[in-house]
Amino acid sequence: MATWFLRSSNNHGVIRKLLMAFSGKSTTTVVRRCFGSMEAGQKLDPYNCDDDYRENIGHQNQDLDFPGGKIPLTSQMKFISEASAKRLPCYRVLHDDGSLISNTIHDQLGEEVAVNMYSAMVTLKTMDTFLYEAQRQGRISFYMTTFGEEAINIASAAALSPHDFVLPQYREAGVLLWRGFTVQECTNQCFGNKDDKGKGRQMPVHYGSNKHNVITISSPLATQISQAAGVAYSLKMDKRGACAVAYTGEGATSEGDFHAGLNFAAVMEAPVIFICRNNGWAISTPVHEQFRSDGIVAKGLGYGIRSIRVDGNDVIAVYNAVRAARNMAISEERPILVEAMTYRVGHHSTSDDSTKYRPTNEIEYWKTARSPIAIFRKYIQRNGWWSDDQESELYRDVKKQVLEAIKTAEGMEKPALTELFSDVYEQMPPNLHEQERSIRDAINKYPKDYPTSDFHVCK
């Protein structure tokens, strides 16, 4: 039964009876002691509500003593609006011409960091270009690019500490590159050769690195979100002074794991940053068919999570937002939600043709006028940190690096057959031994049907 009480100057709580009527039905008289030491009640202050909601209230000194905190009463029947007439603003630092917006609050990037970030963005784009073409040539089975989303990758990674744990979705190769995962390691994974850290068991672009604190990508959507809440809670319990960072697209926010993960993180006060790349399209589903809320940032309020919306094509804005989010997550032990507004310039994957469901002029606009690489190049050029000669040299060197990595990865032998059965059980059970023997027999019986030159039956 809910308890109604009169606000009293006495800190010991309710001291007199209150007669309440419900819809003209029978009345109930209740007396309840409310302890001022309730933690939830201290966090939820009912007298901080908007002034317009306080107008014409017939019970101005009354609260509902509900588990979790006091709730102010009103005699006005007022529904909460499904959406505000004004959309929540988007934090931005740079104009599209690379100049700083006046009166912006941000930390200035130094020359070395800015140039390194730009070089990493170009490297990511170049690697994406050639590995995408490698798939089209039938040399790898699958690929996903980050075209148009390079700023989110590199700027967010630069704002984090190497000690923070990253749980990516599948469009965060730049985060690994920034942490020291090499182009060669990326291509090894995509080709599934013997130097692939995943031993050829994963689809291409499903990177992971224990050395760099990056949890291996898994194909099912949103699984990393609830996992990140658990990782963050563990970091908090161990007092590691680090946070977890989960990346996701806006389409994955329709999965149940998104809501479970945010709720768990909020309740457990886990130091985790949820970075949502709102790129406009969940494969072929546009945002207006995905949800009715004001994007993703509005969802944070429902879970009691501090949130911010940022221009995902603005390197400096993303860097500053994620850096501030990290400081709050760790020092205040709380989750933070960052919605980065961007655009998926490329197809969803090599299995997709996005021109079938969106106009080419829309793609071209975001590819040129709103390119995060082009905008940031203008910024570093304005500061005198970059020249056309440096640009030509960078693209030439990166192209050579990527092509050599692909050649090396493609020419390398595949993992041993036995790797199909290892790393699951400490001692392999009889049924897996039987499966291994069966595969060996098939390869020996039909050698022409298997690439035995680079597919080793034994270690």
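The legends below accompany several close-up views of one predicted model.

Residues are numbered from 1 along each chain as its sequence is written, and side-chain values use heavy atoms, with hydrogens and water left out. As this is a predicted model, local features need pLDDT of at least 70 and side-chain atom pairs count only at pLDDT 80 or more, while totals for chains, interfaces and linings use all residues.

**View 1. Five strands form an open parallel sheet.**
The strand order is S6-S7-S8-S12-S11. Helices (H or I, at least four residues) and strands (E, at least two) are DSSP runs, numbered from the N terminus, and two strands pair if DSSP finds at least two bridges between them. Strand S6 (165–167) and strand S11 (306–311) are the edges; each has a single partner strand, so one side of each is left without a neighbour in the sheet. On average, neighbouring strands are turned by 20 degrees against each other, direction ignored. Axes here are lines fitted to C-alpha atoms, for helices over the stretch in contact, and angles run from 0 to 180 degrees between N-to-C directions.

**View 2. Strand S7 is covered on both faces.**
Here you can check that six of the six residues of S7 are buried, where buried means under 20% relative accessible area, exposed over 50% and partly exposed in between (1.4 Å probe, protein chains only). Ala 244, Ala 246 and Thr 248 lie on one side, and Val 245, Tyr 247 and Gly 249 on the other. Towards S6, the pairing is parallel over three bridges, and Val 166 has Val 245 as its bridge partner in S7. Towards S8 (residues 272–278), S7 (residues 244–249) pairs in the parallel sense over six bridges. Ala 246 has Phe 274 as its partner in S8, and Gly 249 stands opposite Arg 277. Between S7 and S8 the chain passes through helix H8 (residues 256–268), giving a right-handed β-α-β crossover. Right-handed means that, with the strands pointing away from the viewer, the path from the first strand over the helix to the second runs clockwise.

**View 3. Strand S12 pairs with S8 and with S11.**
Six bridges link S8 and S12 in the parallel sense, with Asn 278 partnered by Met 341 in S12. S11 and S12 also run parallel, joined by six bridges, and Arg 306 stands opposite Ile 336. Together, S11, helix H11 (residues 315–331) and S12 make a right-handed β-α-β unit. S12 is mostly covered, with five of its six residues buried.

In H13 (residues 372–382), the buried residues are Pro 372, Ile 373, Ile 375, Phe 376, Tyr 379 and Ile 380. After H13 comes Gly 384, whose phi is positive, near 75 degrees.

**View 4. The largest nonpolar core holds 73 residues.**
A nonpolar core is a set of buried Ala, Val, Leu, Ile, Met, Phe, Trp, Tyr and Cys residues joined through side-chain atoms within 4.5 Å. Met 117, Met 127, Tyr 143, Tyr 207, Ile 273 and Phe 376 touch the most other members. Helix H3 (residues 111–136) gives the most to this core, with twelve residues. Leaving aside neighbours within four places in sequence, Met 127 is in contact (heavy atoms within 4.5 Å) with Tyr 143, Ala 173, Leu 177, Val 183, Cys 186, Tyr 207 and Val 402. A second, separate core of 21 residues includes Ala 228, Ala 252, Ala 266 and Cys 276.

**View 5. Tyr 170 is a buried loop residue.**
The loop that holds Tyr 170 runs between S6 and helix H5 (173–179). Its relative accessibility is 14%, so Tyr 170 counts as buried. Beyond its neighbours within four places in sequence, Tyr 170 is in contact with Met 144, Val 205, Ile 217, Leu 221 and His 348. Thr 145 is 25 residues from Tyr 170 in sequence, and their C-alpha atoms are 9.1 Å apart in space.
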